[in-house]
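Let's take a walk through a protein chain together, starting with the whole and then stopping at a single residue. Have a look at the picture first, and take your time.

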Amino acid sequence: MAFMQWNSELELQIVEIDRQHQRLVELINQFDDAVQAQQGVEMLDKVLNELLDYTKTHFKFEEALLAKHGYPTYPEHKAEHDALAEKVVFMQDMFKEGNPPDSNMLLNFLKIWLKEHILDVDKQYAPYLQEQGVV
Ligand SMILES: [Fe+2]
Ligand SMILES: [Fe+2]
């Protein structure tokens, strides 16, 4: 069974956003696969990089969408993204310095963060965009 399951509860009913969130889940699962296969630090760093790159892409996309449509709590939403990005960069540095964080701890952190962010924060903008006739 995959480490993180996608389920309909996580859907915002916005096709492009749901697609991107599913891709993030996929990348977390790829990282888990690499950890469980006991890949070396280099490989873990490579997979984590891909996850971080895609996370940044997704955040940029979401922020541009919210900013364009004057989402009232855009600054708070962006601040949540920035805080996560900062944490992941910090963990990446630990990999680079040869002092990687515990991979299972990192995986659990990412899984919980993504799930809670989608359910508690992202889900709030879906009705707003629907009201604006954007989606
Ligand atoms: Fe978000
Ligand atoms: Fe999101």
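**The chain as a whole**

For a chain of 135 residues, a compact globule would have a radius of gyration near 14 Å, and this chain has 16 Å, which agrees. Keep in mind as you look that this is a predicted model.

What is the chain built from? You can count 4 helices and 0 strands. Reading from the N terminus on, the order of elements is α-α-α-α.

Next, think about how the chain meets itself. Take the contacts between residues at least 6 apart in sequence: 69% of them join residues at least 24 apart. As for burial, 16% of the 135 residues count as buried.

**A stop at one residue**

Now let's zoom in on His-117. Where is His-117 found? Look along helix α4, which covers residues 103-131, and you will find His-117 there.

How many other C-beta atoms lie within 10 Å of His-117? There are 17. A residue needs 20 or more to be buried and 12 or fewer to be exposed, so His-117, with its 17, is partly exposed.

Which residues does His-117 touch, once its neighbours within four places in sequence are left aside? His-117 is in contact with Glu-80 and Asp-122.

How values were computed: Residues numbered from 1 in each chain as written. Chains lettered and ligands numbered in written order. Predicted model: local features only at pLDDT ≥ 70, side-chain atom pairs only at ≥ 80, totals over all residues. Helix = DSSP H or I, 4+ residues; strand = E, 2+ residues; numbered from the N terminus. Rg over C-alpha atoms; globule rule 2.2 N^0.38 Å. Contact = placed C-beta atoms within 7 Å.
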